[in-house]
Amino acid sequence: MKSISKAALYAVIVSCIFHLEVKPVYAASSDAEDISRLPYILSAVLILVVFTLIFHFYINYLKKKLLLEQDFSKNIISNIKTMIIVCDLDGKVVMFNKFAQEISGYSLEEAKGKKVFEIPFLNEGTDLGKRIYDSIMADKLLENYEACLTARNKKPIYTLWNMDAVKDAQGVSVNMVVMGIDITGRKSVEQKLTESYRELEQTHEELVATEEELKEQYDDLNKRDIELRHSEERYRLAVEGVNDGIWDWDGKEGKLFMSKRCRLIMGFDNDSEAITIDKWFGTVLREDMDRFVKGFNKYITEPQDKHFQIEYRIRTADDRIKWIRTRGMAIWDGSGIPIRVAGSNTDITEQKVSDEKIHQLAYYDSMTGLPNRALLTDRFIIAAANAQRKGWMVAVFFIDLDNFKTINDTIGHSFGDELLFRVGEQLKLKMRRSDTIARLGGDEFIILQANVKDINEVNLLAERMLALFKEPWVLDEREFYVTASIGISVYPNNGLDLQELMKNADAAMYKAKETGKNNYKIFTQELNSRMMERLAIENYLRKATEKNEFVLFYQPQVELSTGRITSMEALIRWLSPNIGWISPDAFIFIAEEIGVINVIGEWVLRSACTQLARWHEEGFDDLKISVNLSARQFQQLNLVELINNIIEETGIKAQWLELEITESIAMQDLEHTISVLQSIKDIGISVSLDDFGKGYSSLNYLKLLPINNLKIDKTFVHDITTNVNQAKIAKALIALAHNMELTVTAEGVEVPEQLEFLKKEKCDIVQGFLFSKPMSANELEPAKKYQDDLQQALQ
Ligand code: C2E
Ligand code: MG
Ligand code: MG
């Protein structure tokens, strides 16, 4: 607008000048022309006036407009809801608008002319004034600066400030405008928001915590669930997998649960119907029912233990008898009624059978099935207690079969065993039910006669028993006569305990044997003294080795073809200072019984070998020595080692040693015999089978044994000249032995007729009183003398 008015003004001036200037150019032309110029002048003036008027109006219009604009600006500044503070470049306040005054409570007068930081509103508790001032001084602007100001009425006001410069037409800053808006409302919203946010955050945190807790609980639950499932599985597996059957009876419902295994055990496995308690009880054997019910009822009514256990038999659907062990526990309600009973059923049939077997083994003799010593002792205790109460007696019978050993050795163990079994059976038939027959091993039977009121009852039983042995025993179509010797002792007269009574019965039995076979003797004090004698022998024998009471006698063995003494048999003698001379037949078996035979045997072997070494030194270097081995010695584990050591020790050669074993030793354990004999033979020692023909010799075994020589027993030799049969057998025997490449020795040659016979039958070696009795080494000295004597005897 300004530019328009200016242009109009210039146009008026220019047009006037134009009119004045052009006039001289035309004035030179004419007057007429001067008159004609007047309209032009008038129009110019008019135009000028018009222009001036227009200009005037225009100026007025502009002024009004300006004023209007100024009012508008003032109005705006006054009414605007923004605090406006205008400062000059020195930082002094030149304007402090209405809103700023309203908010702050300070008037324009209080602010105007003061440095911006001097206004309390901008300074108290804030650095806003200082910041505005610094910015003005540094010619910098303040942007979005938040400050919390304190109004005069101490009310806090949150504000946001910005600055701008007021510049002149040249762009130079003249004033600074500082504008602030009240953001208290926004702030409180913000604060509320923050608080809400915090609350939210807290809630979130709480939620997170709760979630975590929940998660933990969930995990825990999950874990428990897994554990539960595992334990359920375990339980199920246990229930189904264990050897025992599990059952559970619900008293309220009256229902019975049985695991598969339980059904199988009870024989209900093919039963599709529900198993009831009645069904179960229905399987229990009638004989065991009473015990079963009583056992269960006792637990239910007066439980003494946590659980009950009953063993009983059942009959299964397929008619099998089984032993069952039921174990269980109950839960009672307040009134003592069982509401639940659960437990297990175990099939103990096998265990019962093996218990029975163990019991059988522990209390019975395996071969005859008769009670053994343990059961006998138990029965005796009961019988003796009863006898003591009633003033009765108990008789102990000791029965020994006289010739059983011979039968066993010769006919074979299985026959022997069968015979013992039969004897046991038959003896049992002669007894009362209250009596007991036991086998203690070997051929010894013990009979316990209980409730004896009169000694005649004992005699009667003994006679009844002996009558048994008057008849032959038929085994495998063969007849045998077996006799028995019975010794009897009576409780309480002959002893108070079984051991003593058996010892006394044993002594009586020996007496019976002495008196003649198939006999019985009741123990007397007289017998006791005989027993004491035996005890004394035992005692002396134990010390005899230490005391050097043994002596070796030697009996020559003569080779028939040459008449030469080829060997000496070493025969032991015991010279007891208390008893005198004792023959080996009288003490070897006792030495075996009391366990001193090995020591004696070792002494014999060492002494005999030492003696042989001496004879060899003296020049009889082709002489052999024969040493008898006892049955017990033969069982000695290191026998071969011992023999070897003695050979080495004494310096003799193995081939000069001959060992004599009896048939009965050889037959005891054939396998063992063969292996030991083989080891002995392997060393180079020769083996002779002694006493052949004494029993029922088995020729079958003969070929199995690794032996070198067969020694015909003296009882056999004794009869060869008087008994044709014996002579025939002897002849066949010698031929047979030769056939088996064995040499034959005949022992007990007493008369020349016997010698003649043996010579004729080509017996290899002879031994007997005909040539020499057994003598001590001293007596045999000088051995040469005997050689001469013997050769003479043979001629
Ligand atoms: P055996 O080994 O058969 O010994 C032969 C027995 O017959 C010896 O009895 C001997 O004196 C006897 N005798 C020898 N010739 C005749 C004769 O012509 N007529 C008669 N009637 N008898 C004769 P002895 O010395 O009493 O020995 C008996 C048994 O004792 C021996 O029988 C042997 O089995 C055993 N014995 C002897 N000494 C020992 C030994 O040191 N250890 C072992 N374990 N047993 C031995
Ligand atoms: Mg002998
Ligand atoms: Mg003999």
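## Charges over aromatic rings

Lys453 is placed over the face of Trp392, at 4.7 Å from the centre of the ring. The structure described here is a predicted model.

## Aromatic pairs and a cluster

The structure contains 19 aromatic pairs. In one of them, Phe117 and Tyr133, the ring centres are 4.7 Å apart and the planes stand at 90°, so this pair is edge-to-face. The two residues come from distant parts of the chain, 16 residues apart: Phe117 is in the loop between helix H4 (108–111) and helix H5 (120–123), while Tyr133 is in helix H6 (residues 128–137). Phe117 is partly exposed, at a relative accessible area of 28%, whereas Tyr133 counts as buried at 18% relative accessibility.

Trp574 and Phe587 form another edge-to-face pair, because their planes are at 70°, with the ring centres 5.6 Å apart. Trp574 belongs to strand E19 and Phe587 to helix H18 (residues 584–594), so the pair ties together parts of the chain that are 13 residues apart in sequence. Trp574 counts as buried at 0% relative accessibility, and Phe587 is buried with a relative accessible area of 0%. Elsewhere, one aromatic cluster is formed by Trp247, Trp280, Phe281, Phe292, Phe296, Tyr299, Phe308, Tyr312 and Trp332.

## The buried side of helix H6

Helix H6, which holds Tyr133, has as its buried residues Leu128, Gly129, Ile132, Tyr133, Ser135 and Ile136. These residues cover an arc of only 160° around the axis, which puts them on the same side of H6.

What do the buried residues of H6 pack against? Their partners are strand E1 (83–88), H5, strand E3 (145–150), strand E4 (156–167) and strand E5 (173–182). Just after H6, Asp139 adopts a positive phi of about 55°.

The magnesium ion (ligand 2) is coordinated at 2.1 to 2.2 Å by Glu569 (OE), Asn628 (OD1), Glu660 (OE) and Asp690 (OD). Along the sequence, these donor residues follow the spacing E-x58-N-x31-E-x29-D. Glu569, in strand E19 (residues 564–576), and Glu660, in strand E22 (residues 657–662), link distant parts of the chain, being 91 residues apart. Glu569 counts as buried at 3% relative accessibility, and Glu660 counts as buried at 1%.

The magnesium ion (ligand 3) is coordinated by Asp690 (OD), Asp691 (OD) and Glu747, the latter listed with two OE donors, at 2.0 to 2.5 Å. The spacing of its donors along the chain is D-D-x55-E. Asp690 bridges the magnesium ion (ligand 3) and the magnesium ion (ligand 2), which lie 4.1 Å apart. Asp691 lies in strand E23 (residues 686–692) and Glu747 in strand E25 (residues 743–747), so this pair ties together parts that are 56 residues apart in sequence. Both Asp691 and Glu747 are buried.

## Nonpolar cores

Which residues touch the most other members of the largest nonpolar core? Among its 75 residues, they are Leu541, Leu657 and Leu758. Helix H19 (residues 597–617) gives the most to this core, with nine residues.

When residues up to four places away in sequence are not counted, Leu758 touches Leu560, Val717, Ile720, Ile734, Ala746, Val749, Cys763 and Val766. There is also a second, separate core of 35 residues, which includes Ile407, Leu461, Met465 and Trp473.

Ala438 is found in strand E12 (residues 436–441). Is this residue, Ala438, buried or exposed? At 0% relative accessibility, Ala438 counts as buried.

Apart from its neighbours within four places in sequence, Ala438 is in contact with Leu370, Pro371, Asn372, Leu376, Glu444, Phe445 and Ile446. Ala438 and Phe398 are separated by 40 residues in sequence and by 9.9 Å in space, taken from C-alpha to C-alpha.

Conventions:
Residues numbered from 1 in each chain as written. Chains lettered and ligands numbered in written order. Predicted model: local features only at pLDDT ≥ 70, side-chain atom pairs only at ≥ 80, totals over all residues. Heavy atoms only, no water. Donors = N, O, S within 2.8 Å, 3.2 Å for Na, K, Ca; no water. Helix = DSSP H or I, 4+ residues; strand = E, 2+ residues; numbered from the N terminus. Buried < 20%, exposed > 50% of the residue type's maximum accessible area, 1.4 Å probe, protein only. Core = buried A, V, L, I, M, F, W, Y, C linked by side-chain atoms within 4.5 Å. Contact = heavy atoms within 4.5 Å. Phe/Tyr/Trp six-rings, centres within 6.5 Å; stacked < 30°, edge-to-face > 60°. Lys NZ or Arg CZ within 6 Å of the ring centre and 35° of its normal. Arc of directions from axis to C-beta.
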